[in-house]
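Hi,

Here is the structure I said I would pass on. Have a look first, and my notes follow below.

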Amino acid sequence: MSGLAGFLAARELWQAPLLASALAGAMLGFLGVYVVLRRIVFVSAALTQISTLGLVVGLFAEERLHVEAEHAHHQLGMAMGFAVAGALLLGAWRPRRLPAEAGVGAAWVVTSALVVLGIARLVHVSHDLGGMVFGNAVAVPPEELWIMGVVALACAAIHAAFGKELRFVSFDPETARALGMRVWLWDALFSLSIGLAIPAAARVLGALPVFALLTLPAAAALLWKLRLGPALGVAAGFGLLAAVGGYLASWFAETPTGATMVAAAALLVLPGAALRGRG
Amino acid sequence: MRSAAELPGGGPVLMALRRAAVGYGKKALLREVELEVRAGDFLALVGPNGGGKTTVLRALLGALPLLGGAREQAGPVRVGYVPQRDHVDAVWPFTAGEVAAMGRTPGLGPLRRPGPADRAAVERALQRVGMAELHGRPYAELSGGQRQRTLIARALAAEPELLAVDEPTNGMDPAAELSTMEVLRELHGGGGLAVVMVSHRLDAVVSHARTLGFVDRERALFRVGPAEEMLRPGALAALYGREVEVREEAGRRVVLPVARGGGA
């Protein structure tokens, strides 16, 4: 009880991070259904690294060129710019002589290396960057909670307004194109939604939980053989559960927050996997 | 080769390619393509895999920019498109009814949700292809033939004037192939619907098509004309590079290669 009493007494400490985690978890769980079904799981991993690179570039610009990038919204703006551009480029890149995965893998490994090099050069902010990469939802300032809320609302609005078009072009782009739909435009809108969501969520949760929450809650929901509409809702719920449950578990067990969220998300996959295993 | 104006089909020209160069990027696979589709026609584009049939179809529909020549269309034409079945990813958890309902999406436009008229059109489309009772079944759990009929229903849900079908019988057993072709023949026979079908097997379409187009980019072949004319030995030899004959057996046409120095 003393643990719980201590937790409740520290409400001001966890209130904003928990709310931001819940928003990020639900949003990533929802978007993850598209990510998994469009078979672009590793695109999301690459985008997470690309957005982190955007942050590194912003910090470099501040240090070397004395460009204003101290505030969270400046850094997040850079990360979002990089992520949206990366999503559009990876979405549009259709190499003829190479599988598309080669480009995604190259983007991931090159940006990962650049982030590591950036961290090595930006020694004074390496702790912050470490939080971005490995997850640190312990402290979320009100400004970032607001940004998270706005991004979640924007993603919800995009998918509520254009859900039927996004579903059609994701499921069968060939037919959509043949019927005169501007598939590139709808793909760009989808890329915009994940390009906004990933950096905002990575800022709150870290890169590793973002990748996990874009994959595991959706997989858990889809294993239950639900139709797409219910699967989107259940995946959002699973994402919220994994983020909040992971946060609370990490508080009480004093474990790293991001990794605990990933473990919580992985646990949610087990019932569906067992159900499928039984046929 | 007959000129475009002489082609059969009955109704007015819906879409046409005039001296078109078709291909991807800057590389033309076929040049000087003359093709028109009239209301009520049943046109089959036949040729080997990779021969450029689907490319011609996409160019005809305006989904692929031309590298030369012109595309003509008689005002707005409602098109239904049926892709190759294995191009549609069955991992998506849609029911047959939800897949069919997508046919209404382009016509509805953004921000509008399907209403009673849309749902009725989808229901009619599913009934026309015999899938009404399976509308709630997951697409992934349907057989190949049922998936094909679902995709045809999706195309019909748009209430098209032109139905474009890409290799609908690919990978099907003979019974499912016959069933699919009968669905297409009934749809075509039911009114002024124009059907444009792509197939790498002449057998599959020879009993149904009114107009045939032979397409093979390797031989720089694009030849189109009435079925009776295209089934003559000279035209068939241009497609197959050897002597081929068409026989009538039990009311159906069968394509048979003629053995070198002997009969079929």
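This is a predicted model: local features need pLDDT of at least 70, side-chain atom pairs count only at pLDDT 80 or more; totals for chains, interfaces and linings use all residues.

Residues are numbered from 1 along each chain as its sequence is written, while chains are lettered from A and ligands numbered from 1 in the order in which they are written.

Now the helix. The buried ones in H4(B) are Ala121(B), Val122(B), Ala125(B) and Leu126(B) (buried is 20 or more other C-beta atoms within 10 Å of a residue's own, exposed is 12 or fewer, partly exposed is in between, with C-beta atoms placed from the backbone). Seen down the axis of H4(B), these buried residues fall within an arc of 135°, so they line one face of the helix (the arc is that of the directions from the helix axis to the C-beta atoms). Pro116(B), Ala117(B) and Ala120(B), on the other side of H4(B), are exposed. Helix H2 (96-101) and helix H5 (144-157) of chain B are among what covers the buried residues. Helices here are DSSP runs (H or I, at least four residues), numbered from the N terminus, and strands are E runs of at least two. After H4(B) comes Gly130(B), with a positive phi near 70°.

Chain B is split into domain 1 (4-77 + 161-257) and domain 2 (93-159), with bounds from an automatic or database domain assignment. Their C-alpha centres are 25 Å apart. Between them, 9 residues of domain 1 are in contact with 8 residues of domain 2 (contact means C-beta atoms, placed from the backbone, within 7 Å). On the domain 1 side, helix H6 (residues 174-189) of chain B gives the largest share, 5 residues.

As for the two chains, their contact takes 20 residues from chain A and 21 residues from chain B. H7(A) provides the largest share of chain A's side, 6 residues.

Finally, the largest nonpolar core has 165 residues, and Met27(A), Ala197(A), Ala201(A) and Ala164(B) have the most contacts inside it. Such a core is a set of buried Ala, Val, Leu, Ile, Met, Phe, Trp, Tyr and Cys residues joined through C-beta atoms within 7 Å. In chain B, both domain 1 and domain 2 supply at least three residues each to this core.

Cheers
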